[in-house]
Amino acid sequence: MDSEAGTSTHRNSSQFSWRYISRNLILAYQSFGVVYGDLSTSPLYVYKSTFIGKLQNYQNEDAIFGAFSLIFWTLTLIPLIKYVFILLSADDNGEGGTFALYSLLCRHAKFNLLPNQQAADEELSAYNYGPSSRVVASSPLKRFLEKHKRLRTALLLVVLFGACMVIGDGVLTPAISVLSSVAGLQVAEQKLTDGEVLFIACILLVGLFALQHFGTHRVAFMFAPVVIVWLISIFSIGLYNTIHWNPKILSAISPYYIIKFFRETGKDGWISLGGILLSITGTEAMFADLGHFTALSIRIAFAFVVYPSLIVQYMGQAAFLSKNVTSIRGSFYNSIPERIFWPVLVIATLASIVGSQAVITATFSIIKQCHALGCFPRVKVVHTSRHIFGQIYIPEINWILMILCLAITIGFRDTTLIGNAYGIACITVMFVTTCLMALVIIFVWQKNVMLAAAFLLFFGCIEGVYLSASFTKVPQGGWVPLVLSCFFMVVMFVWHYGTRKKYNFDLHNKVSLKWLLGLGPSLGIVRVPGIGLIYSELATGVPPIFSHFVTNLPAFHKVLVFVCVKSVPVPYVSPEERFLIGRICPRPYRMYRCIVRYGYKDIQRDEGDFENQLIQSIAEFIQMEAVEPQLSSSESSSLDGRMAVISTRSLQSTSSLVISEQEDYGMSTIIQSSKSATLQSLRSAYEDENPQVRRRQVRFQLPPNQGMDPSVREELSDLILAKEAGVAYIMGHSYVKARRSSSFLKKLVIDIGYSFLRKNCRGPSVALNIPHISLIEVGMIYYV
């Protein structure tokens, strides 16, 4: 029996390991199209960018050997060792990128600057990912950083600066990749002028951005084969050139050639590092796109396919150039054997488009994450795939990127100048990642400070040298990412500053709960049938728009629900944990609170079922409260009661209400008692004009449960009657203005900058998918 059990266990473990390996191999295959398009097309322009400029006087065999040695060690130290072996282990619930590192730091140390955070957020399953910070005593460094708000603000600014540089990548990658690939036409067809090549590149770029709204999933199945064929091609060409032209290039792997290179070229060699740097552009994608794959799959793809292919290709180009020094300007295309030139040109163009596509998608994702942090205006986010979560498209940003990309392509017309700009953007993001990773080693991994210092010193020095070399290229095109980053930083700062000031105004002008209690259950106003959903950014207390409304119109709905939709510092919040339900004031008041939580990578999609989920959640809370009296606020000293997590997935099976469903085509069979015939006809006309707003109609009924507490039954009955009477959405239509005593700079930021962004971005009701026919907006001026 024991042997049979042992055999069975061995069979299961081998089956599990085979499934695990096969899954990672499939993901590794898919990662080629998404992650490595940009990195794998770098050989198109690295040698040209390195030797055009200060190194024109050093175009000899020793300099070419030294350049290859630099490329080899740069690819080995940064993408292979730093990213593949170290950084891919610092994921946040499987997600990567600068925001994942920042999110980890916010949870393991109190670095978070997001408003309306609660202790209940720390109970999310995704929140405690990684080593628990509660086990280890707080270090002096941690206490120092938590104490000083300016340092936490500086950390957020560093993260946002890195994000702005990623947006810069989204502009520069398509420009340099497409222009470099199309430049091969001039090698084959000498008659083609620079203007004609530029025109072809612009047509390809317009086509690339115009196809974004279809989503990458429609052509994603082609991406991986294109990049794999491209990698096989460059590997084969590199191997052929190494054997055919100069096998001695193998000796250049030795770091001795780097020393020899700098001894010969001096300061000019240091400046040329801006060109060498282009060999690792696109490396950040390995970490940023981790959420779509696994760390193992990305490691397999890079270590066994991408890394060897790139090394052999750079080696082959160097071998060719060592015997054909005059061919540096078109080094890649000149090194291709004539018989396979045209197929390689076609594959190079396709690979550059794939690489550009991945970076544009990453730009959409980073802007979505900036918005979740409260640092970017509301924009339209379209989810382009039902199957691939996280594939999004942002129309406004897409067209802005296209205009900027075309302007840079037409304005510079030269891959060397665009390369100077591109290098600065990429190395800045890498340097920011290194700084954040050093903090993660201390606060998240809870390792020795000396280990983090060693990591920061080693990789920081390497990247610092490249960064310093890149900044010498600022006059020759390097200013572009700096200007773009400054522009987006100003937009982010103005939006974040205005949003925080508005939130603080709400926080300091909350309605007193004692005042509400003094008014009694009727609140001193007429309570009409129906449910009023009052939207606010406050996670506690009653927002000032409520008192502003009832002061001017002394009537309100019988059931009030204060809704707060907020972001939490985790990538995703599962549906089971999304809703937090609680009560405001004692039971007779019929006032509740609902907090809807989203992660920084969650997409808020209009499922058309929010109202029904909310009613079920409140009903479930009422039932729970009867069983668990500690949830109730009526007997406790707290007026704003405790909140409970209500799982939306388990509601169908455990709901305390009987649910009957029907499709809401035309007029509903449910008669809404509080609606006049005129209003019903208006609603019908609105739904005819806007078929997309028709929602699933649900009718709730009380179960025939004789053992239910009479007060609970009465409350549930009021909830159902209020739902049948209709649901109204109440939001503040706020005008934010600076106080008269404010400084000129504050007036400029609030009255002009923030006001302009609010007028030209999506309204909160549209962003929250609120039906326009049921919306009531309360005008209110905020003097901040």
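A salt bridge is a side-chain nitrogen of Lys or Arg within 4 Å of a carboxyl oxygen of Asp or Glu. The model is predicted: local features need pLDDT of at least 70, side-chain atom pairs count only at pLDDT 80 or more, and totals for chains, interfaces and linings use all residues. Residues are numbered from 1 along each chain as its sequence is written, and side-chain values use heavy atoms, with hydrogens and water left out.

**View 1. Salt bridge between Lys 323 and Glu 61.** The closest N and O atoms of this pair are 4.0 Å apart. Lys 323 lies in helix α15 and Glu 61 in helix α4 (residues 61–86), so the pair ties together parts that are 262 residues apart in sequence. Helices (H or I, at least four residues) and strands (E, at least two) are DSSP runs, numbered from the N terminus. Lys 323 is partly exposed, with a relative accessible area of 47%, and Glu 61 is also partly exposed, at 30%. Buried means under 20% relative accessible area, exposed over 50%, and partly exposed in between (1.4 Å probe, protein chains only). The structure holds 16 salt bridges.

**View 2. Salt bridge between Asp 121 and Arg 597.** The N to O distance is 3.2 Å. Asp 121 sits in the loop between α5 (98–108) and α6 (140–147), Arg 597 in strand β6 (residues 591–598), and 476 residues separate them. Asp 121 is buried, with a relative accessible area of 1%; Arg 597 is likewise buried, with 1%.

**View 3. Salt bridge between Arg 590 and Asp 718.** Here the closest N and O atoms are 2.9 Å apart. Arg 590 belongs to the loop between β5 (579–584) and β6, and Asp 718 to helix α27 (residues 710–725), so the pair ties together parts 128 residues apart in sequence. Both residues are buried. Elsewhere, a network of salt bridges links Arg 583, Arg 587, Glu 625 and Glu 715.

**View 4. The largest nonpolar core.** A nonpolar core is a set of buried Ala, Val, Leu, Ile, Met, Phe, Trp, Tyr and Cys residues joined through side-chain atoms within 4.5 Å. A second, separate core of 35 residues includes Val 511, Ile 534, Ile 750 and Tyr 754.

**View 5. Surroundings of Tyr 47.** Not counting residues up to four places away in sequence, Tyr 47 touches Ala 67, Phe 68, Ile 71, Tyr 314, Gln 317, Ala 318, Leu 321, Ile 328 and Ser 331. Contact means heavy atoms within 4.5 Å.

**View 6. A nonpolar surface patch.** Trp 18, Tyr 20, Ile 21, Leu 25 and Leu 296 make a patch of about 500 Å². Patches are made of residues with over 30% relative accessible area and no salt bridge; like charges are joined within 9 Å, nonpolar side chains (Val, Leu, Ile, Met, Phe, Trp, Tyr) within 5 Å. Areas come from the Shrake-Rupley method with a 1.4 Å probe; for residues, only the protein chains shown count as cover. Helix α1 (residues 2–35) supplies the largest share, 4 residues. Leu 296 is found in helix α15 (residues 295–323).

**View 7. Cys 164 and Cys 370.** The structure holds 0 disulfides, a disulfide being a pair of cysteine sulfur atoms within 2.5 Å. The sulfur of Cys 164 is 6.7 Å from the closest cysteine sulfur, in Cys 370, too far for a bond. Cys 164 is buried, at 0% relative accessibility.
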